[in-house]
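These are my notebook entries on one structure. I record what I looked up, entry by entry.

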Amino acid sequence: MSPEAIPPSRRAVLRAGACGLLGAAAGGCGFMPAKKPDADRLAPVEALVDGDLVYFNWADYVDPAVFRGFEKEYGVKVIQSNFDSMEGMVAKLNAGNRYDIVFPSAKWAQRLVRGGRLRRIDHSQLTNARAVFGTYDYFADPWYDPGSAHTIPFTAYKTGIGWRRDRIGELDDSWRDLWSDRAKGKVFLLDDRDEVLGMGALTLGLDVSSGDTHDLDRITSLLGTLRPRLRGFSSDSYNNLLNGNALIQQAWSGDMAAMLYQAKDPSVFGFQAPKEGTPVNSDCYAIPWNAPHPGTAMLFIDYMLRPENVKKNIEYIGYPMPVAGSEKVYADLVEPFPECLVTEADLKADLFFRNGGRAAEDARDTAWTHVKAG
């Protein structure tokens, strides 16, 4: 695949700032519509063309060729809008904006489900659903959406450390590598609350989503010792590494896969999933309760799950998709960085970021503010 196949900085700058949480939304209570939708607004729908597709996702997160193929086959237009954070996506939904398909991460999917914001999805209407649920048992009944009743998994990814082998040699497979004297002053953390606090928690052997104030005090103290070594907080992980601004960077696996095809010499870079544990996450397809064209959305999900389209998207965005038969496509893509692979064991390790109650989320917000302020 040519380097041009993967455009620069996909979720990197877009996920910056996707870390805060409005206390009123904790646990999903803040996502309830002003009036609870009638049951028929939440019921599954038939997969059929009922209008153009109004699409809301991170920018540049689907191969444009797949959009063109869908438009041609079904005689519809894909009307695209983009968000720059999960909070931004939900704010648009709360404001009454209507989209046919959205792409929440796992914890946000749970909140939307709890708030009555997503239609149920009839798996029997998706001819390619078995390629997901017949192989990836984890997604048949995920914690964030029991029975995957309202969501279909889109991508899966993990968080680890990317680094410049040519400048600092090999690392020790630990989050403690971020404290390396060899990289002092050229270390970046992701600009993401859950990722940074989660890294601190894993380093200390704590729960990745802990909202306990004693735990958070320990985490902020630990991260305070890292602060003098940091160059900054940035989610533009692979550009930082490519241009040498970073020698070590906390990074998402998909962005590191994308970096491979921007690098003149991939061998000078490394990516590790630290031994203390690596956070895992998943983005989902979901149909909002007020979608104007839910039937077209169902057709789009099924179209995206076709093997040829899964292959195109994996090669375009650099993120794996939990669809049977796609594993080799991604393994070949990330051959120099095998730790980018997300396995069933990674999913079952249960290092997803979880929703906490209001007090826990407020405590995490406060801790994040302290970490950023130094």
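I counted a contact wherever heavy atoms lie within 4.5 Å. The model is predicted, so I noted that local features need pLDDT of at least 70 and side-chain atom pairs pLDDT 80 or more, while totals for chains, interfaces and linings use all residues. Residues are numbered from 1 along each chain as its sequence is written, and side-chain values use heavy atoms, without hydrogens and water.

Entry: Ser105. I located Ser105 in the loop between helix 4 (86–94) and helix 5 (106–114); helices (H or I, at least four residues) and strands (E, at least two) are DSSP runs numbered from the N terminus. Leaving aside residues up to four places away in sequence, I found that Ser105 touches Met86, Tyr157, Asn281, Ser282 and Asp283. Its relative accessible area is 6%, so Ser105 is buried (under 20%; exposed is over 50%, partly exposed in between; 1.4 Å probe, protein chains only).

Entry: helix 9. I checked residues 193–203 and found 11 of 11 buried. At the start of helix 9, I found a side-chain oxygen of Asp192 within 3.1 Å of the backbone nitrogen of Asp194. Just after helix 9, Gly205 has a positive phi of about 75 degrees.

Entry: I noted a phi near 60 degrees for Asp173, which sits in the loop between helix 8 (165–168) and strand 4 (187–189). Asp173 counts as partly exposed because its relative accessibility is 29%. Asp350 is not a glycine either, and has a positive phi of about 60 degrees. I placed Asp350 in the loop between helix 16 and helix 17 (358–373); its relative accessible area is 36%, so Asp350 is partly exposed.

Entry: the largest pocket. I read its volume as about 190 Å³. Of the 14 lining residues, Tyr136, Pro320, Glu327, Leu341 and Val342 are the closest to the centre. A pocket here is an open set of points on a 1 Å grid over the protein atoms alone, where a 1.4 Å probe fits, with protein on both sides within 12 Å along at least five of seven lines; lining residues have an atom within 4 Å of a point. Helix 15 (327–333) and helix 16 (344–348) each supply at least two lining residues, and helix 15 gives the largest share, 3 residues. I sorted the lining into 10 nonpolar, 2 polar and 2 charged residues.

Conventions. Grid points are joined across faces, edges and corners, and a volume is the space filled by probe spheres set on the points. Ala, Val, Leu, Ile, Met, Phe, Trp, Tyr, Cys and Pro count as nonpolar, Asp, Glu, Lys and Arg as charged, and the others, Gly among them, as polar. A polar contact is a pair of N or O atoms within 3.5 Å; within protein, one must be able to donate a hydrogen and the other to accept it, and residues adjacent in sequence count only if both atoms are side-chain atoms.
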